[in-house]
Amino acid sequence: MRVPLNGYVVSDDDLAAYQFFNYTVFSPSTVRQAIQNTPVDEKLIFEINSGGGSVFAGFEIYSVLKSASIQTVAEVQSLAASAASTLMMGCERVLLSPVAQVMIHLPSTHTSGDKTAHQESVKILDAITKSIINGYEAKCKGKTSRAQLESMVNATTWMTAQEAVAAGFADGILYQDCADVLPSSVINSVAGGIRTIANSTSGLPDPSQLRAEYDKAKAILNANDWKAQATINIE
């Protein structure tokens, strides 16, 4: 069985709101459902094309995959970045297309308030970073040390398929007869390419804002027997 994990990683609570506005997203429930629907004697392959998203949703997916009673495989077709690079570590095997890339970096957040509030955010981000590296270390042990992983995360590191396998993030490269192709320079040269997409947060609104607009839209539609024409603005 093959299941696509395309677009942003979001929480289960936010999934419906993003889908309502036609964002391509997936959540832990996507993975749970796929595992439940897969016969025990069948391999479950997740096709990953994601620039990341919610770190905690990624953690949940990682844990769900680690506890799965069936064989799970991650196939990165284009990009596994940020939270997507964390969750794929939960699969038994990770395979990359020759043109795929993996990106790892520090988590980020938005903080408002006084000095204490910002200092607290730094502590939280440091703790999250350690958890992210825990997942990488469990997969990469023997190939890349924890200290090296910390440096890679701090620097924001992009890896070709070959580099990801060498570092222990992946177990192999798909279509081995094409494995000598190194397309990273082509991918990076394309205007608005995957690196630009993965580093951009402008394409996905804040979940709380989206839920508010989603609730507003539902209220308008319900009040008009689902026949109203609602004007909804997402900035």
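Trainee: Is T144 buried or exposed in this predicted model?
Mentor: T144 sits in the loop between helix 5 and helix 6 (146–155). Buried means under 20% relative accessible area. The relative accessible area of T144 falls under that cut-off, so T144 is buried, at 8%.

Trainee: What is the relative accessible area of S85?
Mentor: S85 lies in helix 4 (residues 83–87). Apart from its neighbours within four places in sequence, S85 touches A80, V102, M103, I104 and Y136. S85 counts as buried because its relative accessible area is 0%.

Trainee: At what distance does the side chain of S85 reach the backbone oxygen of M103?
Mentor: M103 is among the residues in contact with S85. A polar contact needs a pair of N or O atoms within 3.5 Å. The side chain of S85 reaches the backbone oxygen of M103 at 3.4 Å.

Trainee: At roughly what angle do the axes of helix 3 and helix 5 cross?
Mentor: Two packed helices are described by the angle between their axes and the distance between the axes. Here helix 3 (residues 55–66) and helix 5 (residues 115–140) have axes that come within 12 Å. The crossing is left-handed. The axes cross at roughly 30°.

Trainee: How many nonpolar, polar and charged residues are in the contact of helix 3 with helix 5?
Mentor: Helix 3 contributes V55, F56, F59 and Y62, and helix 5 contributes I128, S131, I132, G135 and A138. Gly counts as polar in this classification. By class, the contact has seven nonpolar, two polar and no charged residues.

Trainee: How many aromatic pairs are there, and what is the arrangement of Y18 and Y23?
Mentor: The count comes to four aromatic pairs. Y18 and Y23 form an aromatic pair with ring centres 5.8 Å apart and 90° between the planes. Planes over 60 degrees apart count as edge-to-face. The arrangement of Y18 and Y23 is therefore edge-to-face.

Trainee: Which class of accessibility does Y18 fall in, and which does Y23?
Mentor: Y18 has 2% relative accessibility, so Y18 counts as buried. Y23 has 22% relative accessibility, and Y23 therefore counts as partly exposed.

Trainee: What percentage of residues in the protein chain count as buried?
Mentor: The protein chain has 10 helices and eight strands. Among contacts between residues at least 6 apart in sequence, 67% join residues at least 24 apart. Of the 235 residues, the buried ones make up 44%.

Definitions and conventions
Residues numbered from 1 in each chain as written. Predicted model: local features only at pLDDT ≥ 70, side-chain atom pairs only at ≥ 80, totals over all residues. Heavy atoms only, no water. Phe/Tyr/Trp six-rings, centres within 6.5 Å; stacked < 30°, edge-to-face > 60°. Buried < 20%, exposed > 50% of the residue type's maximum accessible area, 1.4 Å probe, protein only. Axes fitted to C-alpha atoms, helices over the stretch in contact; angles between N-to-C directions. Helix = DSSP H or I, 4+ residues; strand = E, 2+ residues; numbered from the N terminus. Left-handed = near helix turned anticlockwise from the far one by under 90°. Contact = heavy atoms within 4.5 Å. Polar contact = N/O pair within 3.5 Å; in protein donor to acceptor, adjacent residues only side chain to side chain.
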